[in-house]
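Okay everyone, thanks for coming.

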Amino acid sequence: MTEQAQKYVGGGVPRKEDPALVTGKATWTDNIKLPGMLHFALLRSPMAHAKITNIDASEALAMPGVQAVYTAEDINNDMAAGLPCAWLVTEDMKSPVHQPLAKDEVKHLGDAVAVVVADDRYVAKDALEYIDVDYEELPVVTKMEDALKSDSPLVHEEFGTNECYTWPLATGDVDEAFKNAPVIVKERYIQQRLLPTAIECRAVVANPDPVNGGFTVYTATQIPHILKSVLAGICGVPEQKMRVVAPDVGGGFGSKLNIYAEEALAVVLARKLGVPVKWVEERSENYLATTHGRDQIQDLEIAATSEGKILGLKVKLLADMGAYLQIFTPGIPTFGGFMFPGVYDFENYSFECKGVFTNKTPTDAYRGAGRPEAAYGIERIMDSLAREVGVAPEEIRRRNFYEPFDEPTETPAGIQYDSFNLQGALDKVLELADYEGLRAEQKRRRDDNDPVQLGIGFSTYTEICGLAPSQVLAAVGLGGAGWEAATVRMLASGTVEVVTGTTPHGQGHVTSWSQIAADVLGVTPDDVEVLHGDTAISPLGRDTYGSRSLTVGGVAVHLAAGKVVEKAKKIAAHMLEAAEDDIEFENGTFSVAGSPDQNVSMATVAGEAFLGINLPEGMEPNLTEDSSFDPPNFTYPFGAHICVTEVDTETGFVKVRDYFAVDDCGPIINPIIADGQIHGGIAQGLAQAIYEEAIYDEDGNLVTGSMLDYLIPGAPEIPHFTLDRTITPSPSNPLGVKGIGEAGTIGSPPAAVNSVIDALSTHGVTHIDMPTSPMKVWTAIQNAKGERAGTRDADRSGRPAQATDNVDEKGSESL
């Protein structure tokens, strides 16, 4: 392909998507209204574990406006298969049958047992109250360590255990590394359960085609192409007769990266009734029925020299699956297992993950999907290692960084990072934050015994992006098909259509893909129309998740556009009666080398290609080219973050005062969009670090089942972000891009928690689990005071002090 100077890539082209979104002209799934459409609502179990002994729907059926009531016996037999789990992490993994409606037993609060179809959604919802279900309550287990005990209640009796799988990974000689290590640090961290809370809840409309027996499904999803294939399979519909459309989608964060019961139900109900049906999720229902994120117990041990050079790392995880396995549930924590070594160069590593069933909503991908959990673990223990060795947190990191490289480099986890320069990112963030000034301010506050102490927390992270190489995905049990497809069409007028297999839900693909195509083709972004999200228009695609869109899908657009230029160059040479090798292309014009007046525009060539009259012999008409890009490796963005907190030692209140981030995602397509992705990512990471936690009681009730109880930060809680970047191109794709959608969510939680602990270090606090709520912080301070007082008493008496109740080994409260 003839290379051109970039004109639009790298520039802050305004987002083409925004006018419709900010003027209320977007089309959400709930906006779709079809003739004769009915609405359905689901009756969900009020118990976390119980046998269903009887369902009486006669009163509901008698209500005006109610068209039908169905239970599992009516629905499940119309399914060709149950809801799938696509990630087989081990050959002996236990995967329970998961039907859209529970038949004999409910496994978690919110498990659906019946569906009402009515003339409108309000009648359908009201009718739920008139369905009488008899339950026989069963024992409940909600804590992973309890679930693994021999006398634990079983979520699935047929397995005889609550252990879903055990997945190991080991490289080097870990035991030998620890055997004679001068320094060993052991920590336990809790990754609390999170509720994704996309601004738009889920919704689905299924429209049957009475002529060909097919269906059009409109749904708020991240994965229309994957959904088409799977939905056709489990509902017994020929794949070519299934069309899935993702209209405008209001955020996903992984929660819409799934095959849900309601989508299957919509198809089955539309088939039964012969009319369109719609379901729209309510927020409280969303917290029960949509997948949750995180929920891990992490036990880490790190061995090092007396100078802090890492010798080995051991990681053991317990990962809560919930009651069922959704599409990627078991693979999320094991995927993170490749990333626990972080940005540090050492040789010996072992990892073990146990997946555990509990009577809770299933977990699955949530922004970062295994990578934030891994970064949190290694970045927390690096700060602990720094304290143990007696060096600054930035210095312990420098001592263990890889030397800068720009070719694939082996890691302790057996994968290959593509390119790194952590030293450059760390240097830049230290300068950006005026690090010496911050430490001076911290010292002044400590000297003055200020009750509000300043904390400075670090995180140097990497993540695995561009979820792609098909052979690698197959090797880890994910089947393969990691490619992405694009079609670029130059129309007779010289304008352009780009068809992409990626599916945006806030990422700005329309703008970015327009920039990429415009630079290659010599047009403007306004000349480019990007088509996406409809499997009838874009039949090939693998969708949007795992920061793969640009690194796989955007590259496919770039390659397809390049093929268009190469074909157009042949036509231009024919038109100009010149050798193809003598043709140059710049700013949308083909010219003969050395004779710039001999030229023809790309638009003219496009018209000639359309007419098909004056083409080189044997050439087909039209300028339309396809590309399916399957990269050779993942990409690995990286960065260095500093979080500055003010912690009130009298109340425990944490305020994030400043946040500094230097991220490296390779060359930037659109800096406005990239910064927006980082802003949102940091905000979600800070939310986990300080505010959010999904809590179940011992009976399996979701205590934080509404926004009244589940604390989500708003604009007043989010600080100003000071951002910068370094640029280290990836060798894995021709654009050198790496991905940025999850970076902020990965880097910010450990930076924030490390900052809070740094603020309280003079109080003897060395550990607090997320979220760092005022109660947790205040309790940690009191516990640390008690420990220090007990130590002094023990020193005077020669006897050990009595342990404080509810205190773990690191001095934080056990919650």
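**Helix crossing and salt bridges**

So, helix 11 and helix 20 make a right-handed crossing. Keep in mind that we're looking at a predicted model. The axes of helix 11, residues 371-389, and helix 20, residues 743-759, come within 8 Å, and the crossing angle is roughly 30 degrees. That's under 35 degrees, so we call the two helices roughly parallel.

Who's touching whom? Helix 11 brings in residues including Arg-371, Tyr-376, Glu-379 and Arg-387, and on helix 20 you'll find Ile-746, Pro-749, Val-753 and Ile-757 among them. Sorted by class, that contact has eight nonpolar, two polar and five charged residues.

Okay, on to salt bridges: the structure holds 40 of them. Take Lys-256 and Glu-200, where the closest N and O atoms sit 3.2 Å apart. Lys-256 is in the loop between strand 11 and helix 8, while Glu-200 is in the loop between strand 8 and strand 9, so this pair ties together parts 56 residues apart in sequence. Buried or exposed, what is Lys-256? With 2% relative accessibility, Lys-256 counts as buried, and Glu-200, at 13%, counts as buried too.

Next, Glu-441 and Arg-445 form a salt bridge, 3.2 Å from N to O. Both lie in helix 14, four residues apart, about one turn of the helix.

Then there's Glu-580 with Lys-570, at 3.3 Å between the closest N and O atoms. Here Glu-580 is partly exposed at 28%, and Lys-570 is partly exposed at 37%. And to finish, shared partners link Arg-44, Arg-202, Glu-262, Glu-281 and Glu-285 into one salt-bridge network.

Technical notes:
Residues are numbered from 1 along each chain as its sequence is written. This is a predicted model: local features need pLDDT of at least 70, side-chain atom pairs count only at pLDDT 80 or more; totals for chains, interfaces and linings use all residues. Side-chain values use heavy atoms; hydrogens and water are left out. Axes are lines fitted to C-alpha atoms, for helices over the stretch in contact, and angles run from 0 to 180 degrees between N-to-C directions. Angles under 35 degrees count as roughly parallel, over 145 as roughly antiparallel, 65 to 115 as roughly perpendicular and the rest as oblique. A crossing is left-handed if the near helix is turned anticlockwise from the far one by less than a right angle, and right-handed if clockwise. Contact means heavy atoms within 4.5 Å. Ala, Val, Leu, Ile, Met, Phe, Trp, Tyr, Cys and Pro count as nonpolar, Asp, Glu, Lys and Arg as charged, and the others, Gly among them, as polar. A salt bridge is a side-chain nitrogen of Lys or Arg within 4 Å of a carboxyl oxygen of Asp or Glu. Buried means under 20% relative accessible area, exposed over 50%, partly exposed in between (1.4 Å probe, protein chains only).
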